[in-house]
Amino acid sequence: MTKFMLLQNYGATLACDLPMAEWDPADIKAHIEFQLALNDELASNGELVDAQGLAGPELARFVTSDGGRAPVVTDGPFPESKELLAGYRMIDVESEARAIEIAAKASAAPGPGGVPIQQPIEVRQVMGAPGPGE
Amino acid sequence: MNTGAGTEDLLRELAPQVLGVVIRRFGDFASAEDAVQEALLAAARHWPAEGVPDNPRGWLIQAAVRRMTDQLRSEQARRRREDAAAMAEPPAADVSDRDDTLILLFMCCHPALTPASAIALTLRAAGGLTTAEIANAFLVPEATMAQRISRAKQRIKTSGAAFGMPTGSEWAQRLRSVMHVLYLIFNEGYASSVGADLHRTELSGEAIRLASILHAALPDDGEVTGLLALMLLTDARWPARTGGRGELIPLAQQDRTRWDRALIAEGVTLITGALARGVVGEYQVQALIAAIHDDAADVGDTDWPQILALYGLLERMTGNPMVALNRAVATAMVHGPDAGLKLLQPLDGPLAGHYRLDAVRAHLFEMAGDVPTAIAHYRAAAARTTSIPEQQYLTIQAARLRAGAAS
């Protein structure tokens, strides 16, 4: 089994650049239901490790420190806030092909009018311990 | 033979009693707590299959003492002295099990501990939960929670606290800490501030159980009674508080036929009894407000003038800006949204950036018929909350108003 992180950010999706607060309420509910059902499906398959949403960009902070002086803490609004991480799923699956299959499913989450939003999903393998032959 | 759930209840009830006995015998809180935890885990493994022993309390004490003794034997340098202690009979039982539970609650809420540490230690030492259960409730790895508990015990040890009740003014102060910790545990279960699970029944139920024990030990304390009543009156609404998929349903829209009438009756009896005795504190006032909500057939039937008066009283008692926020909502219900909005202005400082200020503004602007401003505040609140059900609720409110305005 191999672990992958499926990451999504706040950027516009290929098929929908309307903020969710401007969707029809029924479409929002359908989208939420889709995400919950996907998590349920992955959990019942024994493939879900963790799924979390992150609090919004307004609550994001960037911290740098030289280890001596007081750290520099930057808060928003950030010009690149669309690149911030919005949430992630960590999955443990048989193959990269399966990870891509799950990412494709997540990408096709329903948007306004039930049309898939084509959300870009970043698929990243989680590094592990070296294999026995390495 | 008991079921697993029956065993669990029994273990939680016995845990603080057994711990009290073992601490008295060995005098070392930290090791005794570990030994009792191991005894509880052994019981949870064996009892469901083999049946509960005739004397479960004795079984647990024996198992914990054996572990303590084994551990002490392995410490060669201290062997002679500690073995003598281990073999000694426990002192005559001039204290009841109830007292031991109370002492444990007071110890676990020691001022040297952060709230997070006090919560974890209270759940384990006084509540008898396993480290795995506590870790699961707070969504952290078991090793992390084990370390948090171990450090908490170390801090108590360093502080030099003996196994006993604090005295004088320290007693009253510590009782306040105990109530606060139980209240935090309840809230963590009822309205989790982080993550997707709106209700972690495990934690709320445990907080109510511990508050009942505290109330049984201190039946004449009005604030303890108020705290227990507040928990019952709030928990009574749980069945109506979320929809089938965990989505949040606000008080005004809840199906009140789903509220738990038995819990409400119990809470009302408790708070009525406490108020009859005099000195009123903040838990009693909060319980009274909850009782008034629970008494109303619907949001329009609610006795808002009385709720407004009680929030005024509570604000004078606590000076808490969150209470002022609730008073503004009650003001809007009595005197209209503009009066409520006016009360929100001075909260821009103390509650700057808090999503609840935006959420209340959104609600009051909606009441006032100013849809665009209400939408803007719902969206601002959604952007700042750290709870997923809350975020979804607020986003849908903005979308609902927008759809209504467009059509």
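A residue is called buried here if 20 or more other C-beta atoms lie within 10 Å of its own, exposed if 12 or fewer, and partly exposed in between, with C-beta atoms placed from the backbone. By that count, buried residues make up 17% of the 134 residues in chain A.

Before I go on: this is a predicted model, where local features need pLDDT of at least 70 and side-chain atom pairs count only at pLDDT 80 or more, while totals for chains, interfaces and linings use all residues. Residues are numbered from 1 along each chain as its sequence is written, and chains are lettered from A and ligands numbered from 1 in the order in which they are written.

Chain A, then. It has two helices and six strands, taken as DSSP runs numbered from the N terminus (helices H or I, at least four residues; strands E, at least two). From the N terminus the order is β-α-β-β-β-β-α-β.

Next, the interface. 15 residues of chain A are in contact with 15 residues of chain B, contact being C-beta atoms, placed from the backbone, within 7 Å. On the chain A side, helix H1 (residues 25-44) gives the most, with five residues.

Now chain B. Which residues of H3(B) are buried? They are B:Leu60, B:Ile61, B:Ala63, B:Ala64, B:Val65, B:Arg67 and B:Met68.

Last, B:Ala42, found in helix H2 (residues 29-50) of chain B. B:Ala42 counts as partly exposed because it has 16 C-beta neighbours inside 10 Å. From B:Ala42 to B:Ile149 is 107 residues in sequence and 20 Å in space, C-alpha to C-alpha.

Definitions and conventions. Two residues are in contact if their C-beta atoms, placed from the backbone, lie within 7 Å.
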